[in-house]
Structure formats: C-alpha cells, structure tokens
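Have a look at the model first, then go through the points below.

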Amino acid sequence: MTTISQVVFIDPKVCTGCRRCSEVCPVDAIIGSEGEPQSIDTSRCVVCGQCVLTCSAFVTPFDDAAENLPAMRRERGLSENDSSPLFAAHFRNDTRCVANMLADPSKKSMVQCAPAVRTSIAEEYGLAPGTLTPGQLAASLRRLGFDAVYDTIFAADVTIMEEASELLERVESGGTLPMFTSCCPGWVRYMETAWPDLTDHLSSCKSPQQMAGALFKTYGAEIAGVGPEAIASVAVMPCTAKKHEAARPEMQASSHPDVDAVLTVTELAAMLKERGINLAEMPEEEFDIPMGLYSGAGVIFGASGGVMEAALRTAIAVTTGNDVCESGVIFSPAGTGIRRASIDVAGKTVRAVIVSGLANAAPLLEEVRAGKADFDFMEVMCCPGGCVAGGGQPKLLPGIDLADALARRRSGLHRHDKELPVRASHKNESVIALYEKFLEKPLGHRSHELLHTHYGMDSEGHS
C-alpha cells in the first residue's frame with residue numbers, strides 16, 4: 001500500500017531551509033530549523049502539495065551540483081535528458097507506470113481528466129492561465145494512446161446525484177448533520193488525522209475520481225466487453241493528494257483498484273512533450289461517450305464553491321420541479337475563506353457554508369465538536385481557491401501574480417460552464433442512461449456498492 005511518505009518528498013541535498021514551504025503548509029507538517037534541510041511529518045501531512053508549488057530551492061545544469069543531476073533524475077523516475085531544474089520539494093512521478101500500461105496490449109486503457117486540468121495545462125505550452133483547451137486535451141490523450149478518453153466531470157455529475165440525495169435523506173430522516181463534502185482527499189485526510197471523532201459528518205460518497213474509476217471497471221468494462229482486470233484506469237488530476245487517495249485499499253469496488261495510476265497536470269505535459277505532442281496545436285476533439293459527456297455543473301467542481309452550486313442546481317430541481325441553469329443563491333463572506341447562505345430545500349431551510357483553504361476550517365469544526373454548529377452542509381476545499389490551486393498544477397514562478405493567475409483559471413471554468421448546452425448534473429443524458437441501465441437509482445444498492453465508502457480511522461486510508 002502506498003503511504004504518505006511515498007507521495008510528497010523534500011530532498012535534503014537540495015533544500016536550503018528557507019522554510020517557504022512551512023508558511024503554506026495548512027497543517028504544520030514541515031519540520032526543520034531555518035537554514036537546514038526540512039522534512040515532512042507524515043502523520044500530519046495531507047499530501048496537498050502546496051509545499052511543492054512554493055519550493056524555490058533547485059538545481060540546474062549550471063550549478064556546481066550539476067554532475068549529480070542524471071542520478072537525481074533517475075531516482076525521481078525522470079528522463080535524464082530533461083534540462084529543467086529539480087526542486088527540493090517534489091512528488092512521486094508516475095509517468096513510467098502509465099507508459100507501461102499504455103504499452104501493454106492486454107489492457108484496455110481508460111483515462112479521465114479533472115475539470116481544473118483543462119484550464120491550466122495550456123500554461124505548459126506558454127499560454128495564459130485560464131486558457132480553455134478541453135478539445136485539445138481530448139485529442140492529445142487520444143494521440144498518447146488511450147483507448148477511451150473519458151472525463152472526471154461525468155463522474156462529478158454522478159457525485160451530485162448521489163451527494164444531493166444523501167443530503168436530502170439526512171435532512172428528512174434526522175441523520176448526522178452538518179454533512180461535509182468528501183470530494184477533496186486532502187480535506188478527508190485532515191478529518192481522519194486531526195478530527196477523527198467527526199468523520200461521520202463526511203458524505204459517504206467517493207470523490208469523482210474514484211467514482212469514475214469504479215465505473216470504468218464495471219460499467220465501462222461491460223461496454224468494452226472485458227473484465228475489470230483488463231482495464232487500465234488512469235486519472236489526470238491537478239492534485240497530489242489524489243495519488244494517495246487512489247491507493248486507499250477500500251477504493252476497490254470491483255476487487256481491483258478503482259484507479260491504477262494518477263498523473264498530475266505537469267506529469268501529463270511531460271509525457272506529451274516527450275512524445276512530441278503539442279497540445280496547443282491539436283485539433284479540438286470530443287471526449288468519448290458515454291462517460292465523457294458532462295454538464296456545466298460538473299465543470300465548476302474545479303473551483304471553490306463549485307460543488308455547492310452544482311448540488312443546489314439539482315436539489316432545487318428535484319424538490320421544486322423548477323429546473324435552473326444557476327441556483328441564484330448568493331453566499332456572503334463570513335470570515336477568511338468562509339462564505340455562508342441559507343436556502344429553502346424541500347420546505348426546510350438548509351444553512352450552507354463554503355470553506356476555501358484547510359486552515360480556515362478549524363473554527364467551524366470546533367463548533368461542530370461542541371454541538372454549536374449553526375449550519376447543515378459544508379463544502380471544504382483543501383487548497384485556497386480549490387483545485388485550480390492544486391499541488392499538481394503548473395508551478396507559478398516568482399513575478400507571476402498568483403491571485404490573478406488563479407482567478408483566470410477559475411474564470412475559465414465558469415466560462416466553460418456557461419458555454420455548455422446542459423448545466424445541471426441531473427440533465428446529463430449519459431448520467432440518466434447510467435441510472436436507467438446500470439445503477440437503477442441514487443443511493444440504490446449498486447450505487448452504495450460502487451460509489452460510496454466509509455471514512456475514518458477504522459478504514460485503512462489514513463496510513
């Protein structure tokens with residue numbers, strides 16, 4: 001089983017002890033004195049990769065230590081011919097693993113892309129943050145050799161079907177409230193390590209990445225006419241914590257890992273460049289049907305507040321019969337990284353909270369622990385701004401306005417939402433067909449088997 005220490009690393013041979021990484025770590029997991037190499041307390045780390053994004057200590061071919069570069073690249077699983085700098089903080093490279101899967105003729109390869117990937121990968125080709133490239137992304141993955149180019153956004157739509165139903169069921173039956181979203185693996189790990197007594201508040205839904213993987217090896221395997229063991233399931237994510245999530249032993253709905261390998265945005269870009277595939281010059285192509293069809297609601301999962309807005313669009317439609325493109329609910333600022341609103345759902349008032357950045361969640365969790373919480377549903381994204389700022393996104397160099405770049409990525413997702421003909425998850429034709437042909441209904445027996453899990457210290461994912 002993959003452990004935390006095998007996903008994010010700080011190389012003591014490169015680290016200068018500047019401690020910039022400790023300033024952005026939301027759980028104080030960076031250990032070390034100033035001027036000395038730092039290390040990671042893996043019992044606290046949530047694998048968000050913010051330390052990787054901010055690290056400024058590196059080795060280049062022009063440094064005195066350059067003679068060690070080939071060996072260092074081999075140790076990290078990187079190409080020895082690459083001349084890009086090596087930073088002290090880095091994450092596990094899985095490009096070789098994916099290349100081997102693609103070269104295996106016994107495997108049907110299926111790939112999914114998280115929403116935030118299509119608004120940032122163009123930066124690897126010199127284009128501005130926020131440049132949308134969904135069509136070029138699909139074409140590039142096809143040229144790389146994937147048999148089926150599906151999309152995490154389809155699974156985000158399925159997540160809304162399950163999570164909105166779960167919230168309504170908890171509200172109507174007097175279940176555990178407030179309910180917390182469970183899409184963000186850094187947030188889930190934080191709950192398991194720092195707030196284990198509150199894990200029952202987490203939605204039992206798997207994240208969209210894991211739902212997609214479970215469906216690839218069951219529904220997708222049926223479509224491909226093979227067994228789950230013949231599917232190579234790959235995810236392209238803006239997030240380093242997704243690598244750890246995929247390795248959780250309970251994420252094996254078909255008795256095989258839901259997701260076999262996770263590539264970050266930068267890893268995918270490296271694979272494409274090595275194969276001479278210029279994403280920026282690719283023609284626009286569609287994702288494959290059925291699990292590549294998605295709604296605008298699923299797209300906005302990639303930015304803070306998006307899961308809440310997507311859930312509200314479907315909850316309003318299900319409880320009032322009034323289909324809406326946008327919920328119209330306006331969340332008001334209520335402290336650093338926190339926004340609140342009250343919404344009428346099924347004749348009851350639901351008080352909702354959106355939290356952007358893990359460090360901002362603690363005061364609200366204290367209220368829950370003390371039995372004084374004045375809200376019913378809470379969305380938390382570990383990285384400030386959501387997945388657009390994930391640890392697997394392209395590194396923004398000094399001199400780049402970080403806030404402006406993240407705003408552009410977020411704006412790109414909302415623009416894409418508005419461009420799509422279907423903007424609510426329950427209106428996605430492929431999602432409707434999935435329930436009619438395979439899952440039967442949200443929260444049904446098969447949904448629970450494939451798409452839900454149990455979080456907490458008695459699961460094995462906290463290791």
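L215, T218, Y219 and E222 in α8 meet A433, L434, K437 and F438 in α15, where contact means heavy atoms within 4.5 Å. Keep in mind that this is a predicted model, in which local features need pLDDT of at least 70, side-chain atom pairs count only at pLDDT 80 or more, and totals for chains, interfaces and linings use all residues. Residues are numbered from 1 along each chain as its sequence is written, and side-chain values use heavy atoms, with hydrogens and water left out.

**α8 with α15**
- The contact of α8 with α15 splits into five nonpolar, one polar and two charged residues (Ala, Val, Leu, Ile, Met, Phe, Trp, Tyr, Cys and Pro count as nonpolar, Asp, Glu, Lys and Arg as charged, and the others, Gly among them, as polar).
- The axes of α8 (residues 208–224) and α15 (residues 429–439) come within 12 Å and cross at roughly 80°; axes are lines fitted to C-alpha atoms, for helices over the stretch in contact, with angles from 0 to 180 degrees between N-to-C directions.
- α8 and α15 are therefore roughly perpendicular to each other (65 to 115 degrees; under 35 is roughly parallel, over 145 roughly antiparallel, and the rest oblique).
- Helices (H or I, at least four residues) and strands (E, at least two) are DSSP runs, numbered from the N terminus.

**α5 with α10**
- Helix α5 (residues 134–144) and helix α10 (residues 265–274) have axes that come within 10 Å and cross at roughly 60°.
- That makes α5 oblique to α10.
- On the α5 side the contact uses L137, S140, L141 and L144, and on the α10 side L268, M271 and L272.

**Largest pocket**
- Its volume is about 1,400 Å³ (the space filled by probe spheres set on grid points joined across faces, edges and corners).
- A pocket here is an open set of points on a 1 Å grid over the protein atoms alone, where a 1.4 Å probe fits, with protein on both sides within 12 Å along at least five of seven lines; lining residues have an atom within 4 Å of a point.
- The largest pocket is lined by 40 residues, and D82, S84, E124, T266 and A270 lie nearest its centre.
- α10 gives the largest share of this lining, seven residues.

**Second largest pocket**
- The second largest pocket has a volume of about 590 Å³.
- It is lined by 28 residues, with V24, Q50, L53, T54 and L402 closest to its centre.
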